[in-house]
Amino acid sequence: MKKSTLIFLALGIFFVLFPLFSDSLGAGQDENIFGAAQILSVEIGIIFVLIGVGAQTIKEDKKSKKEIGQVLEKILDLPVFFWLLISFLFLYILFFISPLFLTEIHIRYFQKYIPNAWTPYIGFDVEMTVSHINAWLSEGVSPYADGVVPYTPFALALFTPFIILGYPAYYKVLTLITILSYAVSVFWLPLAFLRKKEYGILALLGVVGLFSYSFQFELERGQFNVIAFFFILLAIYIFHYQHKYRYFAYIFFIIAVQLKLYPIIFIVMLVRDWRDIKNNLKRFLALATLNFSLLFVLGYQLFYDFMEQIFKRANMQSSRYEDLSISGFSYYLSEEAQIIATKYAGIIENIFLLLFLSVIFAIIFQLYKKNQKGFNPYLFLIATIGALMIPAASFDYKLTILVVPMMLFLYNLPRPISTKRKAIYTLFIITLSLAYWSTLYPYEFNQVKPIYLSRNSTALLTIFFSSTFLYFFLQGKYHNIKNLKE
């Protein structure tokens, strides 16, 4: 008799006979529950017996062993979309269905789904910005006087016409522009980067992103990260694939930087050939100079006030769970979890910054060494994580900008050949997918996420390390990016 058959039969007999001696173990104190438990035990035992008998009827030969190996190979050959979907469904049940339907006798709808902090009304961020601009124009009060508005003078100039519309009209306009920017950025522009048009991952990430916590947070606050990222993506596309219009790419890049500052990180994406060092440095210097010059667009005093504000915010450590910056993460480790001493919090930030720069330089070095030209999806994803985590007081509404870099990254992962490498590859795809999907849900909504996922910086660090590993594991190869156009 087969060993597997003996194991299943032994388990089956144990569960069938267990009710006979369970009284002596004190399991029969509640008669109703005990009776049901007896029946359950017998049913489980019968299932094990049937499996054991079935296993005995299967003839083992070399062919069957080979078929088992083929099944494993087929599982590892499943497309990225499958693992992405499975990981999404797993966290959907864990973080959405479970707290909404499985923990109470009444459905508890989205109470505190969006962190309310101290905001008394919808569109608070844009309303505060416009009201500060209005106070500056009418009363001469600097919009940076109370430390609430962190945006550049150029951004304030762009938002000044909103005064004509009044609140809430301009908030509604901003919301519609944000949705349009998302639609173009997610459902159209990524296809322009791909050699082979594929829609599975695009549809899944794009549609789910519309209902994500971060996108709702973006809309609720009246933020404009999605708009800034739209300009970045448009700039990158034009620079690489419509190069004769590259000056428009520079304009879009400058607008994005003036809106949010952190898009300056994406300057590394405005390179077609890393061996053309002279022209690359000239481009970087020109863009940096133009962006700095625009800080004086409303005069020296506002420039000075803005810079003072930025330096103050650079040293912020937020206690808010929706802060996804590395400084917020170090605050969590030192002040909340108390895993490290407070005096070492700054070291965590420096270590991450060093790792981030090291990975960026490693990718660039490989591009230079292998003379790879054009758009690189690995570099794009790592730069996006830097844009999310490096600025101090960086909040969850920015997570929406991660959709497209994740999409282009997943579309371009080549599959390894050997079974062992496929297994490692699949493990990291699942890890990366679970980390990404976890960002769809807030911590504050009944606190359904475990404490170590309370800040989305944990998920971002997981994506950072997983994607970095995959880059070196796959030797920086990608297969679905269009060639450059002159």
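Helices (H or I, at least four residues) and strands (E, at least two) are DSSP runs, numbered from the N terminus. The model is predicted: local features need pLDDT of at least 70, side-chain atom pairs count only at pLDDT 80 or more, and totals for chains, interfaces and linings use all residues. Residues are numbered from 1 along each chain as its sequence is written, and side-chain values use heavy atoms, with hydrogens and water left out.

**View 1. Helix H12, residues 225–241.** From first C-alpha to last, the 17 residues of H12 reach 24 Å, close to the 24 Å expected at 1.5 Å a residue; the expected span is 1.5 Å times one less than the number of residues. Because 17 of the 17 residues are buried, H12 is largely enclosed by the rest of the structure (buried, under 20% relative accessible area; exposed, over 50%; partly exposed, in between; 1.4 Å probe, protein chains only).

**View 2. The salt bridge between Asp 77 and Lys 422.** The closest N and O atoms are 2.6 Å apart (salt bridge: a side-chain nitrogen of Lys or Arg within 4 Å of a carboxyl oxygen of Asp or Glu). Asp 77 lies in the loop between helices H3 (62–76) and H4 (80–101) and Lys 422 in helix H20 (residues 419–438), so the pair ties together parts 345 residues apart in sequence. Asp 77 is partly exposed, at 34%, whereas Lys 422 is buried, at 7%.

View 3. Ser 467 is buried, with 3% relative accessibility. Leaving aside residues up to four places away in sequence, Ser 467 touches Tyr 378, Leu 381, Ile 382, Phe 409 and Leu 432 (contact: heavy atoms within 4.5 Å).
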